Amino acid sequence: MSAELFDGLDDAARAELRTQLRRRGLAAGDVLCRAGDRSDCLYVVEAGLLQVLDGESGEVLGRQRLGDVVGEVALLTGDPRSAALVAQVPSVVSELSRDDFLVAATHHPQLLVNLATIVSRRLVSRTAPSSTRVTALVVGPGGWEGESAATAAARASSAAPLTMLDGTD
């Protein structure tokens, strides 16, 4: 349980929360939730990679990795989910229901502080001017064995579009 959501909690509090988490395995391509779904839980990514897709356009809004918390805004507001989450590779998430979260937060107020921090950082990252990010994969003359697998993995895991640099020129 290494997610930022649980920072500052002692071992007893973490053990208590562990009993309330429900693990869910996802195959690549599985949809964890869709925009418009009822929201009564949040998820902590335990393994894998989830793509966040805009509910209307299908545009990729982001990627969630190990330790990331998703569904936190819907958990707090009770509003329907605003985006879809799709596993890009086999993934595991732990689900914490709204009721269990609220009970745990009354015993461990640090959870609310941590959740406020997560929500605030996400808001700032979405409203601040975007910085230029480039992810590049350099391919040498004649390519190499495993190039297509490496390219696919880089495209799936990169937060920015992948730029291919052909080293043959």
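Predicted model: local features only at pLDDT ≥ 70, side-chain atom pairs only at ≥ 80, totals over all residues.
Visitor: What makes β1, β8, β3 and β6 an open sheet, and in which order do the strands lie?

Guide: The four strands follow the order β1-β8-β3-β6 with antiparallel pairing. β1 (22-26) and β6 (69-70) are the edges, each having a single partner strand, so one side of each has no neighbour in the sheet.

Visitor: How many bridges does β8 form with β1, and how many with β3?

Guide: β1 and β8 share five bridges in the antiparallel sense. Arginine 23 has serine 94 of β8 as its bridge partner. β3 and β8 are joined by six bridges, also antiparallel, and leucine 42 faces leucine 96 in β8.

Visitor: Why is β8 called mostly covered?

Guide: Five of the seven residues of β8 are buried, and buried means under 20% relative accessible area. Helix α3 (residues 98-107) lies across β3 and β8 (91-97), running at about 65° to β8.

Visitor: What makes arginine 22 and glutamate 95 a salt bridge?

Guide: The label requires a side-chain nitrogen of Lys or Arg within 4 Å of a carboxyl oxygen of Asp or Glu. For arginine 22 and glutamate 95 the N to O distance is 2.9 Å, so the pair qualifies. Arginine 22 belongs to strand β1 and glutamate 95 to strand β8, so the pair ties together parts that are 73 residues apart in sequence.

Visitor: Which of these two residues is buried, and which is partly exposed?

Guide: Glutamate 95 has a relative accessible area of 14%, and the limit for buried is under 20%, so glutamate 95 is called buried. Arginine 22, at 46%, is partly exposed, because that class covers values between the buried limit and the exposed one, over 50%.

Visitor: Which other arginine forms a salt bridge with glutamate 95?

Guide: Arginine 24 does, with the closest N and O atoms 3.3 Å apart. This pair also links distant parts of the chain, with arginine 24 in strand β1 and glutamate 95 in strand β8, 71 residues apart. Arginine 24 has 23% relative accessibility and counts as partly exposed.

Visitor: What makes Arg22, Arg24 and Glu95 one network?

Guide: Their salt bridges share partners. Glutamate 95 is bridged to arginine 22 and to arginine 24.

Visitor: How many salt bridges does the structure hold, and what is the N to O separation in the one between arginine 121 and glutamate 4?

Guide: The structure holds four. In the one between arginine 121 and glutamate 4, the closest N and O atoms are 2.3 Å apart, and the cut-off is 4 Å, so the pair qualifies. Arginine 121 is in helix α4 (residues 110-127) and glutamate 4 in the segment before α1 (11-18), 117 residues apart.

Visitor: How do you know that the buried residues of α1 line one face of the helix?

Guide: The buried residues of α1 are Ala13, Arg14 and Leu17. Viewed down the axis of α1, they fall within an arc of 100°, so they line one face of the helix. Asp11 and Ala12, on the other side of α1, are exposed.

Visitor: What makes aspartate 10 a cap of α1?

Guide: A side-chain oxygen of aspartate 10 lies 3.2 Å from the backbone nitrogen of alanine 12, at the N-terminal end of α1. A polar contact needs N or O atoms within 3.5 Å.

Visitor: Why is serine 82 called exposed, and where does the residue lie?

Guide: Serine 82 has 65% relative accessibility, so the residue counts as exposed; the threshold is over 50%. Serine 82 is in the loop between α2 (72-77) and β7 (83-87). Neighbours within four places in sequence aside, serine 82 is in contact with Ala35 and Gly55.

Note on methods:
Residues numbered from 1 in each chain as written. Heavy atoms only, no water. Pairing = 2+ DSSP bridges. Helix = DSSP H or I, 4+ residues; strand = E, 2+ residues; numbered from the N terminus. Contact = heavy atoms within 4.5 Å. Axes fitted to C-alpha atoms, helices over the stretch in contact; angles between N-to-C directions. Buried < 20%, exposed > 50% of the residue type's maximum accessible area, 1.4 Å probe, protein only. Arc of directions from axis to C-beta. Polar contact = N/O pair within 3.5 Å; in protein donor to acceptor, adjacent residues only side chain to side chain.
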